Amino acid sequence: MKIVHTKGQVNIDDLTEFLQRDLNRLFQERRQEDIQIEVVSNEQGVQITCPSLYDSFLFDIQLVADDEIHIIKSEHYTDDVNVLTLEDIINNLLMKYPGREGISYIGEES
């Protein structure tokens, strides 16, 4: 699990819209495959799925406090090339939202 502390409040709707806008395009550019990724918000955060290929979520991004995000990667697909590609894209996108200057800490926890 990746933990991100931000310097300001994170809004789930804004984060969902941000990921929906860029995630599929970046993934398809990188993988050169017509695979559709779904970004869906829920009460706790955002889930990233691909129902056409995977039975469960790929990433679960949870807002655990106004300024703390947990990014949980599904344990079922850890070595899958699509998931590894998505992980890299998500990491890069989170450097843009809320922005590098808006992040106070990024860490890993097992």
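Colleague: To start at one end of the sheet, how many bridges join strand β1 to β6?

Modeller: Happy to. This is a predicted model, with residues numbered from 1 along each chain as its sequence is written; local features need pLDDT of at least 70 and side-chain atom pairs pLDDT 80 or more, while totals for chains, interfaces and linings use all residues. Side-chain values use heavy atoms, with hydrogens and water left out.

Five bridges join β1, residues 2-6, to β6, and the two strands run antiparallel.

I61 stands opposite I71 of β5, and a hairpin of two residues leads from β4 to β5.

Put together, the open sheet has six strands in the order β2-β3-β4-β5-β1-β6, with antiparallel pairing. β2 (38-41) and β6 (103-108) each have a single partner strand, so they form the edges and one side of each has no neighbour in the sheet. On average, neighbouring strands are turned by 15° against each other, direction ignored. (Axes here are lines fitted to C-alpha atoms, for helices over the stretch in contact, and angles between N-to-C directions run from 0 to 180 degrees.)

Now for what packs against the sheet. Helix α2 lies across β1, β3, β4, β5 and β6, and runs at about 160° to β6. (Contact means heavy atoms within 4.5 Å.)

The largest nonpolar core has 29 residues, and L19, L23 and I48 touch the most other members. (Such a core is a set of buried Ala, Val, Leu, Ile, Met, Phe, Trp, Tyr and Cys residues joined through side-chain atoms within 4.5 Å; buried means under 20% relative accessible area, exposed over 50%, and partly exposed in between, with a 1.4 Å probe and protein chains only.) The elements giving two or more residues to the core are α1 (12-31), β3 (45-49), β4 (59-65), β5 (68-73) and α2 (81-99). α2 supplies the largest share, seven residues. For a view of the packing, look at L19: beyond the residues up to four places away in sequence, L19 touches V39, V46, I48, I61 and L93. In soluble globular proteins, nonpolar side chains tend to be buried together.

Polar residues are found in the helices too. N82 lies in α2 and counts as buried because its relative accessibility is 8%. The side chains of N82 and R31 are joined by a polar contact of 2.7 Å. (A polar contact is a pair of N or O atoms within 3.5 Å; within protein, one must be able to donate a hydrogen and the other to accept it, and residues adjacent in sequence count only if both atoms are side-chain atoms.) Leaving aside neighbours within four places in sequence, N82 is in contact with F27, R31, I35, L53 and Y54. In helix α1 you will find N24, also buried, at 18% relative accessible area. With the neighbours within four places set aside, N24 is in contact with I35, Q36 and I37.

Y54, from that list of N82 contacts, brings us to the aromatic pairs, of which the structure holds two. Y54 and Y77 form an edge-to-face pair, 4.7 Å centre to centre with 65° between the planes. Y54 sits in the loop between β3 and β4 and Y77 in the loop between β5 and α2, so the pair ties together parts 23 residues apart in sequence. Both Y54 and Y77 are buried. (Rings of Phe, Tyr and Trp, its six-membered ring, pair if their centres lie within 6.5 Å; planes under 30 degrees apart count as stacked, over 60 as edge-to-face and the rest as tilted.)

Definitions and conventions. Helix = DSSP H or I, 4+ residues; strand = E, 2+ residues; numbered from the N terminus. Pairing = 2+ DSSP bridges.
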